[in-house]
Amino acid sequence: MTTSSPSSLDAFKAEIDGIRWYDDPRSLELRSRDYYWYSPVLKGQLDDMRADIVVLPTTEEEIKRVAAAAVKCRLPLTLRGGGTGNYGQCIPLKGGVVMDLTRLDRVIAIEDGLVRVQAGARIARLDDAVRETGQELLMYPSTRTIATIGGFVAGGSGGIGSLRHGMLRDAGNMDYVKVVTVEDEPQVIELRGDEVQKVQHAYGTNGIIVEIGLALTKATDWIHTAALFDGYEQALRFCMETQENRLDLYLLTCVERRFSPYYRKFGDRFPADRDAVFAMVAPDDMARFCEKVEERGGSVSFSLRKDEIAGCGLQPAYECGWNHTTLQALKVDKSWTYLQVAYPYPFDPALAMRQMNRYGAEMFWHHEVAMMGGRIQIFALPLVKWHGKDRIDELMAEIERDGCTVFNPHVVTIEEGGMKQIDTAQIEFKRQADPYGLMNPGKTLGWTDAMARS
Ligand SMILES: Cc1cc2nc3c(=O)[nH]c(=O)nc-3n(C[C@H](O)[C@H](O)[C@H](O)COP(=O)(O)OP(=O)(O)OC[C@H]3O[C@@H](n4cnc5c(N)ncnc54)[C@H](O)[C@@H]3O)c2cc1C
């Protein structure tokens, strides 16, 4: 499915002479996909979408040349980092150019409390590099190994570490971004402080993020652990108690016992008759963590430092939470899909239990504890048996009637998914950074063809 003519593609190739590109069917297929297949709705809609050409620039100058060439040839331009987005975020709905940014991957400078990094750097490599200076990232998605930092800023929201430092968009987490515009003569715009919100979670529709400044904190040698409980409500209440007691945690994920067959590597460490809380705990607070587990009648299943985990054949705790729970299940049973739910404040575990009872075998539950805007925010990413789109819509409406907010993962636009409304500041910035409306077309309801410069 494409809108690009052979002549415009030939002209484009001539313009980017010297920059690496591919147009063989295998490369086009591989680099036109992400984790959209989590959703049977999106799978039906997006399976055939393909880029016409994939380019791999290595420098900011090459990126500017690609942007100018896309403008000159009027080709759609979709950016790609690790390709781990869940909603077809980097799938080119109108074909054209996919620009893979993973070669723009330099860690530019690590200072006290700040790292300057190019957007295509893989998060794991970045976090490992800052750890060498005794610091660590404030947060990362559970796709730490594959995802890029630019893809996280443009497509993600928060994750491991959000319990301690809030969501990506919370004040102080991002210092600045540098954005290349998609114009006849591409410019570099620097957005600082709160201005970063103009491109955060904009799905690469309004400028190419080339460099990012992120806040850092002192590194902790987190202990990866799991506590087991004799009931999901007990596990949830334990999670809330850790917060009332201000335990120093980087991750707190509550996973009900029916997930146990999907966590194959864990065997008896996550048995089918216990509900689990996976956590990353500061070494100085591990004793208090164990005390609280015992007070709630639970037991600690294992506690290991990061370098000990692989030796035991286990996954790190950060791959047991957030959307990795869904991945663990889908690896074993493809009949699942999922939802993303935010709970009203203050969180009431009884509501989660009512939902669990209401949906029985149709939904398996998992909750995440995070901070957002300075207070505790509980999210759920439940597994849902796929019984068609109408049923998913019904479930979302029911859960919203409980007072929860559902971030629909079965749609491609920013607004129908998480944001709920058009972000006018992002659209205003798009007028400046993508005046021809070429970037990731079809992903924002705030932009119509009539708004594009001709
Ligand atoms: C198993 C699993 C677990 C996940 N867990 C989390 C989680 O804990 N938290 C979370 O927030 N997300 C999570 N996600 C979603 C996703 O992994 C993250 O958002 C990740 O950070 C995306 O990075 P990426 O490099 O793969 O981006 P991509 O998927 O390549 O791109 C994401 C979006 O950003 C745009 N983009 C990419 N690079 C740039 C750039 N340089 N400039 C402008 N736009 C750009 C793309 O066009 C696309 O719209 C998860 C997904 C999966 C499959």
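What you see is a predicted model, so local features need pLDDT of at least 70 and side-chain atom pairs count only at pLDDT 80 or more, while totals for chains, interfaces and linings use all residues. Residues are numbered from 1 along each chain as its sequence is written, and side-chain values use heavy atoms, with hydrogens and water left out.

Let's start with the ligand. It is surrounded by 38 residues, and the closest are Leu79, Gly81, Thr84, Thr148 and Gly158; a residue belongs here if one of its heavy atoms lies within 4 Å of the ligand. Sorted by type, this shell has 15 nonpolar residues, 22 polar ones and one charged. In that count, Ala, Val, Leu, Ile, Met, Phe, Trp, Tyr, Cys and Pro are nonpolar, Asp, Glu, Lys and Arg are charged, and the others, Gly among them, are polar. Strand 3 (77-80), helix 6 (149-155), strand 10 (208-218) and helix 11 (324-332) each give the shell at least two residues. Helices (H or I, at least four residues) and strands (E, at least two) are DSSP runs, numbered from the N terminus. Helix 6 supplies the largest share, five residues.

Now look at some backbone atoms around the ligand. A polar backbone atom of Leu79 sits 2.6 Å from a ligand oxygen, and a backbone N or O atom of Ser157 is 2.8 Å from an oxygen atom of the ligand. For Gly158, a polar backbone atom is 2.5 Å from a ligand nitrogen. Taken alone, the ligand exposes 960 Å², and the protein buries 97% of that (areas by the Shrake-Rupley method with a 1.4 Å probe).

Is Asn440 buried or exposed? Its relative accessibility is 1%, so Asn440 counts as buried (buried is under 20% relative accessible area, exposed over 50%, partly exposed in between, with a 1.4 Å probe and protein chains only). Leaving aside residues up to four places away in sequence, Asn440 touches Leu77, Thr78, Gln89, Ile91, Tyr203, Gly204 and Thr205, where a contact means heavy atoms within 4.5 Å.

Inside the order, strand 12 (residues 249-255) and strand 13 (residues 275-281) pair antiparallel over six bridges, and Leu252 stands opposite Ala279 in strand 13.

Another open sheet has three strands in the order 15-20-17, again with antiparallel pairing. Strand 17 is joined to strand 20 (residues 383-385) by two bridges, and Phe364 has Leu383 of strand 20 as its bridge partner.

Most residues other than glycine have a negative phi, and most peptide bonds are trans. His201, in the loop between strand 9 (188-192) and strand 10, has a positive phi of about 60°. Trp322, in the loop between helix 10 (306-309) and helix 11, has a phi near 45°. The peptide bond from Tyr345 to Pro346 is cis, with omega near -5°; Pro346 lies in the loop between strand 16 (341-342) and helix 12 (349-359).

Terms used. Pairing = 2+ DSSP bridges. Polar contact = N/O pair within 3.5 Å; in protein donor to acceptor, adjacent residues only side chain to side chain.
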